[in-house]
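Me: Hi! I have a structure open and would like to chat through it with you. Could you help me make sense of it?

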Amino acid sequence: MTGTIPAWLVIDIYTFLIAGLILFFDSTWRMNKDKKNTMFLWMTVLVMVLTVFDAFGRLDGISDIGFVSILAKIGNYVIFAFDPFYFALALYYETSWMLPGRNDFKLFQIVVYVIAALNFVAVTVSVVFGLDLFYYFDDNMVYVRGPLFMIRALVLIAMLFFGVMYVISRRDDIPPKHRAALMSFPLMVSVGSIIQSVTYNLPLEYASTVMASLVLFVYLQSRDMTEDFLTGSMNRRSLDSELEERIAAAANGQTFSSIMIDVDFFKDINDTYGHATGDDALRDVFTILNSCLRDEDKIARYGGDEFFVITPITEREYLEKCARRIRNRLWDFNDQSERSYKLSLSLGYDIYDHEAYPTAAKFIKHLDDLMYAEKELHHKELGKETRHGEL
């Protein structure tokens, strides 16, 4: 029908807008420029760029106007030349969420980037020398798939397939709470890419990619703002915000309690068994805390081997009971665990007093002093130094 907007244009517009909204609301890359946040940024930017050029590429046969034909040629070239680099970035992003321990990804990563680079060279040579290997335009400026189109498509689908298999094979290295989102991402992209390979009318590849990115944003990127990746506890940024809110409420009579927790002899664990075992120890500490505290209690990794608990407890008796639950659960863990190490924790805890500690920094310093007093006792039992001379 005359004047009807093509379905492909509607899909490309919505794809671009959704990707733009993800980019706008995802502030993780501005606040924490680590590997996975940087990769997610570039993935989102690249899919927006590819979506624009996908729209350009679909202008074939629409008009005899010269610049429209040029846009169609440029659009198809960019899509064919740069499309595989998105999959390379996506795979790198996926593995950035995995726990370290295996080096096979480096070889796989090299293979993926080599395929992307060879594709770029082949497409460029085909266009520059008019070989029409992957696509060409007929006399009416209508897009036509070239003789090697399906071979290229099968290679890229195979790359996606092996990427999916690799993620599945390393599923145990993905934190359980992130596993579903990270495993669904390559599957969604693969389905869209396969459909795109057998049809041309609907740009489902980038639509499925953006929907997969939306899943990542909702379940991973937004959580990354508040979670500690290693343990799954609240991170320091989230803790600071929560503590400031509790202190503000305490000024109006709604007090709370906090517990500062330090892992004794943590350096010994790292030095003796390695940093991977040290990471296991930190995760064990969070598991212990999580198992004996309530849903309304907030657990955060304060930094290094220190944890911080915020609880609505307002009476000393119940705060002491809470500390005993932690120590008892720690004893059970050491008694039942088959780990090569035993855990020891030092605790410093108190009920918040707004007049004595009007700022978060002063209250934390108070808890830190209490915690180190207990830590000194633990270290003196073994004749070891604390504070600046700590293990």
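Me: How are H3 and H4 oriented to each other, roughly parallel or roughly antiparallel?
Reply: H3 and H4 are roughly antiparallel. In this predicted model, the axes of H3 and helix H4 (residues 66-96) cross at roughly 160°. That is over 145 degrees, so the pair counts as roughly antiparallel.

Me: And how close do the axes of H3 and H4 come?
Reply: They come within 8 Å.

Me: Which hand does the crossing of H3 and H4 have, left or right?
Reply: The crossing of H3 and H4 is left-handed.

Me: Now H1 and H3, what angle do they pack at?
Reply: Helix H1 (residues 7-25) packs with helix H3 (residues 35-57) at an angle of about 160°. The axes of H1 and H3 are 9 Å apart. H1 and H3 are therefore roughly antiparallel, and their crossing is left-handed.

Me: Why do you give an angle and a distance each time?
Reply: Two packed helices are described by the angle between their axes and the distance between those axes.

Me: Let's take Arg236. Which residue does its side chain meet in a salt bridge?
Reply: Arg236 pairs with Asp240, at 3.1 Å from N to O. Both residues lie in helix H9 (residues 236-250), four residues apart, about one turn of the helix.

Me: What about Glu317, where does its salt bridge partner sit?
Reply: The partner is Lys321, with 3.7 Å from N to O. Glu317 and Lys321 both sit in helix H12 (residues 316-336), four residues apart, so about one turn of the helix separates them. Glu317 is partly exposed at a relative accessible area of 45%, and Lys321 is partly exposed at 34%.

Me: And Arg294, which residue does it form a salt bridge with?
Reply: That would be Glu296, where the closest N and O atoms are 3.6 Å apart. Arg294 is partly exposed, at 36% relative accessible area, and Glu296 is partly exposed at 39%.

Me: Which residues are linked in a network of salt bridges?
Reply: Asp280, Arg283, Asp284 and Arg339 are linked that way.

Me: Enough charges! Which residues form a nonpolar patch on the surface?
Reply: Val121, Val125, Val128, Phe129 and Leu131 form one. Together they have about 480 Å² of accessible area.

Me: Where does Phe129 lie?
Reply: Phe129 lies in the loop between helix H5 (104-128) and strand S1 (135-137). At 61% relative accessibility, Phe129 is over the 50% cut-off, so it counts as exposed.

Me: Then Phe265, what is its phi near?
Reply: Phi of Phe265 is near 55°, and this is again a positive value in a residue other than glycine. Phe265 sits in the loop between S3 and helix H10 (266-273).

Me: Is Phe265 buried or exposed?
Reply: Buried, because its 16% relative accessibility is under 20%.

Me: Which helix is Phe286 in?
Reply: Phe286 is found in helix H11 (residues 275-292). With a relative accessible area of 13%, Phe286 is buried. The C-alpha atoms of Phe286 and Ala300 are separated by 8.7 Å, and these two residues are 14 residues apart along the chain.

Me: Last one: where does Gln254 lie?
Reply: Gln254 lies in the loop between H9 and strand S3 (257-263). At 55% relative accessibility, Gln254 counts as exposed.

Me: Great, thanks for going through it with me!

Notes. Residues are numbered from 1 along each chain as its sequence is written. This is a predicted model: local features need pLDDT of at least 70, side-chain atom pairs count only at pLDDT 80 or more; totals for chains, interfaces and linings use all residues. Side-chain values use heavy atoms; hydrogens and water are left out. A salt bridge is a side-chain nitrogen of Lys or Arg within 4 Å of a carboxyl oxygen of Asp or Glu. Helices (H or I, at least four residues) and strands (E, at least two) are DSSP runs, numbered from the N terminus. Buried means under 20% relative accessible area, exposed over 50%, partly exposed in between (1.4 Å probe, protein chains only). Patches are made of residues with over 30% relative accessible area and no salt bridge: like charges are joined within 9 Å, nonpolar side chains (Val, Leu, Ile, Met, Phe, Trp, Tyr) within 5 Å. Accessible areas come from the Shrake-Rupley method with a 1.4 Å probe; for residues, only the protein chains shown count as cover. Axes are lines fitted to C-alpha atoms, for helices over the stretch in contact, and angles run from 0 to 180 degrees between N-to-C directions. Angles under 35 degrees count as roughly parallel, over 145 as roughly antiparallel, 65 to 115 as roughly perpendicular and the rest as oblique. A crossing is left-handed if the near helix is turned anticlockwise from the far one by less than a right angle, and right-handed if clockwise.
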